[in-house]
Amino acid sequence: MNANAQEFPAVEGVEVTHRYVDIGGLQVHVAEAGEGEPLVMLHGWPQHWWMWRKQIPFFAKRFHVVAPDIRGFGWTEATPDGYLKDDLADDLVKLIHTLGYKRVRLLSHDWGGWIGFIASAKNPGLISQHFANNICPIWFRVGLQMIPATIQLGYMFKIGMPYFGAKMLMRNGDYVHYLFTRGNTRKEGWTDFEKNIFSDRFKDPARANASSKLYEQFLLKEYVPVGLFGKYHKYRLKTPTRILFGDKDFAVSLYWLRGYEDYADDLEIELVPETGHFIVDEKPDLVNERAMKFFSNPQYK
């Protein structure tokens with residue numbers, strides 16, 4: 001089902017079309033541009049498809065870009081449940097199949113990367129290459145440094161608090177704006193329009209509740225099984241994967257970047273100095289250059 005393009009923020013330099021795709025019990029909003037082999041771009045929290053505004057024109061010259069909104073985000077349906085990361089990975093797999101693709105490349109950030117790791121590990125061959133930004137692999141090394149690394153996740157507890165987390169997101173955009181600007185690593189700053197285009201979506205109670213559940217379920221049902229008990233150790237990552245990671249990330253500790261070595265065939269991590277969590281917004285040209293180089297590598301044809 002096509003959508004009214006006037007409903008969505010514009011992207012300079014390329015024509016973007018919008019539609020809703022029924023993947024079976026969920027209406028997913030998808031922004032698309034360009035022609036060629038499919039390249040899926042999957043956002044993280046607290047953003048949506050428009051976070052890729054500097055990537056879509058660049059990659060649409062070579063690929064057919066598909067930028068969906070995750071369940072409960074942006075313009076995708078916000079359901080009462082379904083926010084466990086395995087469920088969100090299943091959403092991604094269903095979307096790929098519904099669109100008629102057998103294999104796709106994936107460019108991701110934050111939770112979009114985590115979802116991509118799960119989808120790749122559980123569905124070998126579906127994602128041919130994965131370029132992730134500021135997210136850790138789903139295989140951790142257990143150690144005492146987990147304690148300060150966990151404390152660094154304190155923002156999750158605020159968002160994930162039943163009732164109060166959603167109310168905080170609905171009330172105003174201050175907390176979301178604070179996280180965007182935390183550490184002041186984006187030297188040119190954020191415009192009010194950029195901050196509000198994301199935070200305004202949480203004025204919808206269903207979307208505020210969706211984000212709260214996303215973190216509540218991670219903290220209560222996923223963190224310990226993944227972090228301490230190796231939930232995904234039974235899977236091996238065969239998808240060639242690269243991670244570009246700003247070393248001043250306030251959210252994801254560098255500690256979490258260890259422990260994947262025995263579970264991935266081809267995974268490399270590059271640290272970017274003096275760069276924060278929102279690396280795609282801070283260093284869009286670097287993200288584009290590194291990702292295109294990886295996606296164009298004849299080794300993976």
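This briefing describes selected strands, core residues, ring pairs and backbone features of one predicted model. Because the model is predicted, local features need pLDDT of at least 70 and side-chain atom pairs count only at pLDDT 80 or more, while totals for chains, interfaces and linings use all residues. Residues are numbered from 1 along each chain as its sequence is written, and side-chain values use heavy atoms, with hydrogens and water left out. Helices (DSSP runs of H or I, at least four residues) and strands (DSSP runs of E, at least two) are numbered from the N terminus. Buried stands for under 20% relative accessible area, exposed for over 50%, and partly exposed for what lies in between, with a 1.4 Å probe and protein chains only.

- Strand β4, residues 64–68, has 5 of its 5 residues buried, so the strand is largely enclosed by the rest of the structure.
- Both faces of β4 are covered, with H64, V66 and P68 buried on one side and V65 and A67 buried on the other.
- Pairing of two strands requires that DSSP finds at least two bridges between them; β4 pairs with strand β2 (residues 27–33) in the antiparallel sense over 4 bridges, and with strand β3 (residues 38–42) in the parallel sense over 3 bridges.
- Strand β2 is itself mostly covered, since 6 of its 7 residues are buried.
- Strand β1 (residues 17–22) runs antiparallel to β2 and is joined to it by 6 bridges, with D22 standing opposite Q27 of β2.
- The hairpin of β1 and β2 has 4 residues between the strands, and there G24 takes a positive phi near 100°.

**Surroundings of D281**

- D281 is found in helix α10, residues 279–282, and is buried, with a relative accessible area of 3%.
- The side chain of D281 makes a polar contact with the side chain of R53 at 3.1 Å, where a polar contact is a pair of N or O atoms within 3.5 Å; within protein, one must be able to donate a hydrogen and the other to accept it, and residues adjacent in sequence count only if both atoms are side-chain atoms.
- Contact, defined as heavy atoms within 4.5 Å, links D281 to Q47, R53, R186, E188 and W190 when its neighbours within four places in sequence are left aside.
- Two of these arginines also lie over rings: R53 over the face of W50, at 4.3 Å from the ring centre, and R186 over the face of W190, at 4.5 Å from the ring centre.
- For a charge to sit over a ring, NZ of Lys or CZ of Arg must be within 6 Å of the ring centre and within 35 degrees of the ring normal.

**Nonpolar core**

- A nonpolar core is a set of buried Ala, Val, Leu, Ile, Met, Phe, Trp, Tyr and Cys residues joined through side-chain atoms within 4.5 Å.
- Of the 107 residues in the largest nonpolar core, W45, W49, F59, W114, Y155 and W256 touch the most other members, and helix α9 (residues 205–227) contributes the largest share, 8 residues.
- Leaving aside its neighbours within four places in sequence, W256 is in contact with C136, P137, F140, M146, A149, T150, L153 and Y223.

**Aromatic pairs**

- A search of the whole structure finds 32 aromatic pairs, counting rings of Phe, Tyr and Trp (its six-membered ring) whose centres lie within 6.5 Å, with planes under 30 degrees apart taken as stacked, over 60 as edge-to-face and the rest as tilted.
- The rings of Y163 and F164 have centres 5.2 Å apart and planes at 85°, so this pair is edge-to-face, and both residues are exposed.
- The rings of F294 and Y300 have centres 5.4 Å apart and planes at 70°, so this pair is also edge-to-face, but both F294 and Y300 are buried.

**Backbone features in loops**

- A cis peptide bond, with omega about 0°, joins W45 and P46, and P46 is found in the loop between β3 and α1 (56–59).
- D110, in the loop between β5 (104–109) and α3 (111–122), has a positive phi near 55° although it is a residue other than glycine, and D110 is buried, with a relative accessible area of 4%.
- E274, placed in the loop between β8 (267–272) and α10, has a positive phi of about 55° and is not a glycine.
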